[in-house]
Amino acid sequence: ALSGAATVALVCALASTLGGGRFAQALAGVAFLVAPAYLRMHNMLHVPSFEPLLWTSAVIAFAWTLRWESPRGFIVVGIAMGIALLDKPTAALLGLGIAIGLVATRARGFLRTPWPWLGGAVALAVWSPALAWQAANGWPTAGFVAHIDESVLQHIPAWAFAGGQILYLHPFSFPIWATGLVWLCRAREAERFRALAATWIVPAAVLIATGAKSYYLAPAYPVVLAAGGVAIERALSGARARAVVIAGLALGGVVLSPAGLPVLPLADYPGFLRTVTGGATRIEELHEVLGDYFDMTGWESLAHHVERVVDGIRESDPDATIGIFASNYGEASALRVFTPELPPARSGHMTYHLWGPGETDPDIEVVVGFERGLGSWCEDATLAAVHEGPFAAAPAARVPIRVCRRPQPPLRARWDEVRRGF
């Protein structure tokens with residue numbers, strides 16, 4: 001929420017930097033505030049929560065550099081870009097947009113000075129610890145991206161990505177950001193800011209060409225929302241008309257807010273989203289919107305179900321040492337949070353693998369998840385329970401809980417084998 005509030009302030013400041021007055025700043029800020037994409041991003045603590053803030057920080061530093069024709073500003077751009085890259089490597093698309101914007105517009109004159117090059121070096125230096133870690137650990141992010149591209153992104157058609165831009169940014173905001181993009185590209189008074197257009201166009205072109213989820217482009221919109229506020233302010237001079245525009249946008253935001261905030265009963269969401277998306281009928285088609293909400297359910301009951309299994313083992317075999325191995329970080333985290341008295345859950349899933357396998361080799365492993373079983377690692381395994389969650393689409397909806405006696409080899413001996421980057 002704090003990241004989102006700071007981004008709203010930056011969007012308003014960006015509109016001011018582009019020459020906008022109070023109406024332009026208010027229109028851009030409200031347009032950002034009502035977008036379901038940003039409501040969702042800033043309702044949870046995860047990597048995308050900070051993308052709009054960090055991208056907009058770099059863009060506003062770039063805008064200041066262009067406005068005041070001060071090449072030293074590229075050092076600030078580089079610092080902001082480096083931090084954005086630490087948050088998520090897709091910020092490289094923004095860097096590519098800045099570079100192409102410099103080459104393709106009159107701002108190319110900056111390239112004859114050392115400052116853009118120094119700014120790029122600063123960004124790389126700030127990013128370098130993450131690159132070093134990736135190299136030392138087998139480039140796990142690259143493996144994750146390859147997996148998600150093959151399993152998800154290649155199956156998202158370009159029309160779905162394009163349609164998602166209208167829904168996720170709010171249909172009422174479409175005229176604002178579209179007008180802003182045209183203004184940056186064509187308006188005479190925007191000529192000195194022309195390079196900013198590439199910070200939206202380049203990421204959009206790459207994501208459309210390679211396949212992406214709709215929200216991947218969300219961090220690029222603040223600049224075109226700010227520019228749209230300026231352009232519409234120039235065209236709309238009446239105070240009453242301006243008030244109607246702001247009020248209509250705010251009201252539309254309230255109507256569509258359930259698409260970005262968990263304000264409805266979860267069971268009602270499929271019907272709501274089928275209405276606003278034009279009649280998608282299967283829950284699978286709505287997963288990108290509903291997935292995070294379903295992900296919030298079932299974890300505490302799963303943890304206590306595992307606890308009951310462990311208690312049963314302790315009653316029947318009080319001398320045995322017990323470990324818990326979970327198939328993903330969600331299960332492992334839920335167990336650590338809701339049942340801290342149990343042995344700490346381990347998992348090889350993504351960066352949870354870094355917590356390690358523990359310092360002992362338990363006699364019995366309680367294995368959570370793994371629909372396909374355990375293979376040769378544990379031939380003496382019994383299915384102790386199956387946890388049934390409240391919603392079929394939730395990750396914790398149906399989770400097998402197995403008891404593995406005398407695992408061979410012990411988990412510590414095969415810890416590198418169970419590492420899974422996706």
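The expected span of a helix is 1.5 Å times one less than its number of residues. Helices here are DSSP runs of H or I with at least four residues, strands are runs of E with at least two, and both are numbered from the N terminus.

Welcome to this structure. This is a predicted model, in which local features need pLDDT of at least 70, side-chain atom pairs count only at pLDDT 80 or more, and totals for chains, interfaces and linings use all residues. Residues are numbered from 1 along each chain as its sequence is written, and side-chain values use heavy atoms, with hydrogens and water left out.

**The whole chain**

The protein chain holds 17 helices and 5 strands. Its C-alpha atoms fill a box of roughly 80 × 50 × 35 Å along the principal axes. Of the 422 residues, 48% are buried (under 20% relative accessible area with a 1.4 Å probe, protein chains only).

**Helix α5**

With 15 residues at 1.5 Å a residue, α5 should span 21 Å, and because its end C-alpha atoms are 22 Å apart, the two values agree. Buried residues of α5 include Gly73, Phe74, Val77, Gly78 and Met81. What covers the buried residues of this helix includes α4 (51-68), α6 and α7.

**Empty spaces**

Rolling a probe the size of a water molecule over the atoms shows where empty space is left. On a 1 Å grid over the protein atoms alone, a cavity is a set of points where a 1.4 Å probe fits but cannot get out, while a pocket is an open set with protein on both sides within 12 Å along at least five of seven lines; lining residues have an atom within 4 Å of a point. Grid points are joined across faces, edges and corners, and a volume is the space filled by probe spheres set on the points.

| Space | Volume |
|---|---|
| Second largest pocket | About 390 Å³ |
| Largest cavity | About 40 Å³ |

The lining has 20 residues, and Gly95, Ile98, Ala99, Pro116 and Gly120 lie nearest the centre of the pocket.

The structure holds 1 cavity of 30 Å³ or more. Two or more lining residues of the largest cavity come from each of α4 and α12 (221-235), and α4 gives the largest share, 3 residues. Among the lining residues are Trp55, Leu94, Thr199 and Pro222.

Key: Buried means under 20% relative accessible area, exposed over 50%, partly exposed in between (1.4 Å probe, protein chains only). Contact means heavy atoms within 4.5 Å.
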